[in-house]
Amino acid sequence: MSNIKKLFSGLEKKYFINAALSPIVMIGEVVMEVIIPFVMAKIIDVGIANHDLGYVTKMGLIMVSMACVSLCFGVLGTRFSTVAAQGFAYNLRKNLYHKIQSFSFGNIDKFSTASLVTRLTTDVNMMQNVFRMVIHMCVRSPFMLIAGTVMAVRVNAGLAVIFLVAIPILTVSVISLSSLAFPRFTLMMKRFDALNANIQENLIGIRVVKAYVRGDYEEDKFKKSADNVRIAQIRAEKIIIFMMPIMQLVMYLSMMAVMWFGGRQIIFGSMQSGELISFFTYVTQVLSSLIMLSMFFVSFVMVRASNARIFEVLNEEADIKNPQAPVMEVKDGSVDFENVSFSYNHKANNLVLNDISVSIKSGQVVGIIGGTGSSKTTFVSLIPRLYDAFRGCVKVGGIDVKKYDMTTLRDSVAMVLQKNVLFSGSIKENLKWGNENATDEEIIEACKAADADSFISSFPDGYETELGQGGVNVSGGQKQRICIARALLKKPKILILDDSTSAVDTATESRIRGALKNLAPDTTKIIIAQRISSVKDADVIFVLDDGKLSGFGNHEQLLESNKIYREVFESQQQGSGDADLEGGE
């Protein structure tokens, strides 16, 4: 019951009204449809048999009127069910998307991006179609089955015995085939996830694919993924395709039986021609309603896999939640790590950060150096609670981050990530992600600090320049500087630059550091860098090695006391280029 509530949570009243009206008008349509054969039988057996043209005309007009009313009911029922199903799908997608937005990085790691896309599109579409069938066919078909059977028994109870044979055969067939098909449809949806992941990866990395001339390889990968979907789909649907032939066979055998036994009764005078014709109509109505019910059960089997996948998302508990009575203000940018350990899978035998204790004063400039895999990015991700510590405590402004309102905490922390992400829209619209109420003067000031104003102003449309998806029409260095300006517009208490100047030259980087110092003197700045030159002037530098704190101090202290730092410095001084210190944890 709780799952059903989640499906309909937030659904607007008008969609409930449409969902309720659809079965009501469908009942009206069925009533008309089951009476029409009865009227038709009267026309044949009374009007035509007695050569009573007036009776035939009168009953004919009644039959035409009922057909028109039935048509109107059918149109209204279809409209109501379609509107309700569209509203249901809209509401379900909204709830799913809202749920995903509440996920922590850990929750998102559990589901692949491609899988979440499939659940929001394909799975919801299947749920929408079945919902429409539920409010449309699952009322109409059972009511038609009952009403048609009652009328058939009223016409000729002896011939109606045929239904007692046909219905169990159809029921057993549907249940048997459905149970066999369900696991195959579950596998099919997983193959769809893999196909979407392949497409997504290829389109995002299309420049790399072309640069390495790997188009043929990617095509082969796609063909294999698409073929896997095709094979899974065929395996699932080849069971379902048996359904229609079985149902049609039962239907035609039933009609043949009606012809045989009904014809004999007409010959012996126990049944009239009009009654046999109307009985044929009722047989068709009853068996057609059974076929429609069977098709609904087939669709229900297909949607069970989608239903389970949707509830996996809706029932997923976010790892990170707001506390009761949260703290609504971050007083300063001080940061303290107290014996902090972290594991992505929440297991003590797989720690990526191990017993880290550091103290950062508000307004300090902090550098972080470490080799690939040393968990630099993971370290700073704990500050705005993108992840929660496995053990220990992370404090901001002297208060445990778990006690803050998450919006308040994250508004006080600005991060410029390794992978710089821009969105479709103008440069100004992207910058206003930092502060939607920022004035043009504030935007220009932040861009000057990030050394971005000069190249933005050189564009024909300036700050109104439209960016392609992901910012494809600006260079990597330009993208980084726009992202830095966007972070500065937040006016945060803590600014985290995660290798965010790697794509700019040292002169540009030096100008950015100087501007940041002057623009935000009270902001705590945490800089993850590959180049020693990027952090040598920091108040304190932390050296991470394999998830542990190897040492800390200023540049001169670390040159004397820390072997890792000294080796990196010497390798860069000798002109060997930047040591391999990329982040990416």
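Which residues touch the most other members of the largest nonpolar core? Select Leu92, Leu96, Val258 and Phe279: of the 71 residues in that core, these four do. A nonpolar core here is a set of buried Ala, Val, Leu, Ile, Met, Phe, Trp, Tyr and Cys residues joined through side-chain atoms within 4.5 Å. Buried means under 20% relative accessible area, exposed over 50%, and partly exposed in between (1.4 Å probe, protein chains only).

Before you click on, a word on the model. It is predicted, with local features needing pLDDT of at least 70 and side-chain atom pairs counting only at pLDDT 80 or more, while totals for chains, interfaces and linings use all residues. Residues are numbered from 1 along each chain as its sequence is written, and side-chain values use heavy atoms, leaving out hydrogens and water.

Helix 10 hands over the largest share, 16 residues. (Helices are DSSP runs of H or I, at least four residues; strands are runs of E, at least two; both are numbered from the N terminus.)

Now zoom in on Leu96. Skipping its neighbours within four places in sequence, Leu96 is in contact (heavy atoms within 4.5 Å) with Arg119, Leu120, Val124, Ile310, Val313 and Leu314. Apart from this core lies another, of 41 residues, with Leu422, Ala450, Ile456 and Cys483 among them.

**Stop two: aromatic pairs**

There are eight aromatic pairs to find. Rings of Phe, Tyr and Trp (its six-membered ring) pair if their centres lie within 6.5 Å; planes under 30 degrees apart count as stacked, over 60 as edge-to-face, and the rest as tilted.

Pick Phe337 and Phe379: their ring centres are 4.4 Å apart and the planes sit at 15°, so this pair is stacked. Phe337 is in strand 1 (residues 335–342) and Phe379 in helix 11 (residues 376–381), so the pair ties together parts 42 residues apart in sequence. Phe337 is buried at 2% relative accessible area, and Phe379 is buried at 2% as well.

Tyr344 is partly exposed at 34%, whereas Tyr387 is buried at 12%.

**Last stop: cysteines**

How many disulfides does the structure hold? Zero, taking a disulfide as a pair of cysteine sulfur atoms within 2.5 Å. Select Cys447: the nearest cysteine sulfur, that of Cys483, is 11 Å away. Cys447 is buried, at 1% relative accessible area.
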